[in-house]
Amino acid sequence: MENLVIVYDNKATEGFKADWGFSALVELEDELILFDTGANPEILKENLERAGVAPEEIDIVFISHNHWDHTGGLSFILERNKEIELFVPESSCDHFEELLPETSVCVPVSEPVQISERALSTGVLPTGMDSPKEEQALIVNTPAGYLLLTGCAH
């Protein structure tokens with residue numbers, strides 16, 4: 001199955017609860033990637049249930065950047081899935097590593113890196129902002145072509 005489902009956004013698809021933040025499920029034939037986690041764990045939980053996805057099914061969590069509206073639901077995922085690979089911008093890895101169970105791993109990203117057979121990180125991108133915030137984007141190779149997912153796209 002190849003599918004992209006927006007599970008968290010301020011403009012929600014019918015049946016999903018809207019809230020400030022962002023999260024998307026990238027469903028590939030042999031893996032499930034959660035791109036960001038929205039702001040609120042309860043809303044992420046409801047919307048994942050609506051999408052028919054259990055947190056235990058998620059293979060990879062990809063965090064575009066360390067802002068509350070993109071990382072707030074991570075605690076819910078980590079409570080339910082103890083074997084996550086978490087890909088985050090390098091400057092945020094220490095923060096997230098403290099939250100992870102021992103059976104999960106935080107992968108710091110600075111340069112472009114392959115995260116699975118069909119997905120890769122762009123590496124940390126310049127934001128053009130006068131801020132230490134680091135942001136990465138996800139590139140997924142699909143049968144229809146390449147898909148680029150961004151968080152805030154600064």
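**Exercise 1. Which residue forms a salt bridge with K45, and how far apart are the closest N and O atoms?**

Before starting, note that this is a predicted model, in which local features need pLDDT of at least 70, side-chain atom pairs count only at pLDDT 80 or more, and totals for chains, interfaces and linings use all residues. Residues are numbered from 1 along each chain as its sequence is written, and side-chain values use heavy atoms, with hydrogens and water left out.

*Solution.* 
- Step 1: recall the criterion, a side-chain nitrogen of Lys or Arg within 4 Å of a carboxyl oxygen of Asp or Glu.
- Step 2: the partner of K45 is E49, with 3.7 Å between the closest N and O atoms.
- Step 3: K45 and E49 are separated by about one helical turn, because they are 4 residues apart in helix α1 (residues 41-51). Helices here are DSSP runs of H or I with at least four residues, strands are runs of E with at least two, and both are numbered from the N terminus.
- Step 4: K45 has 27% relative accessibility and so counts as partly exposed. The classes are buried under 20% relative accessible area, exposed over 50%, and partly exposed in between (1.4 Å probe, protein chains only).

**Exercise 2. Find the salt bridges that link distant parts of the chain.**

*Solution.* 
- Step 1: the structure holds 3 salt bridges. One of them joins the side chains of E2 and R118, at 2.7 Å from N to O. E2 sits in the segment before β1 (3-8) and R118 in the loop between β7 and β8, 116 residues apart.
- Step 2: compare their surroundings. E2 is partly exposed at 34% relative accessibility, whereas R118 is buried at 18%.
- Step 3: now take R80 and E56, whose side chains meet at 3.2 Å, N to O. This pair spans 24 residues, from helix α3 (residues 74-80), which holds R80, to the loop between α1 and β4 (60-62), which holds E56.
- Step 4: R80 is partly exposed, with a relative accessible area of 35%, and E56 is partly exposed too, with 42%.

**Exercise 3. Describe the setting of E117.**

*Solution.* 
- Step 1: look between β7 (113-116) and β8 (119-121), where E117 lies in the loop.
- Step 2: its relative accessible area is 70%, so E117 is exposed.
- Step 3: E117 and N141 are 24 residues apart in sequence, and their C-alpha atoms are 8.9 Å apart in space.
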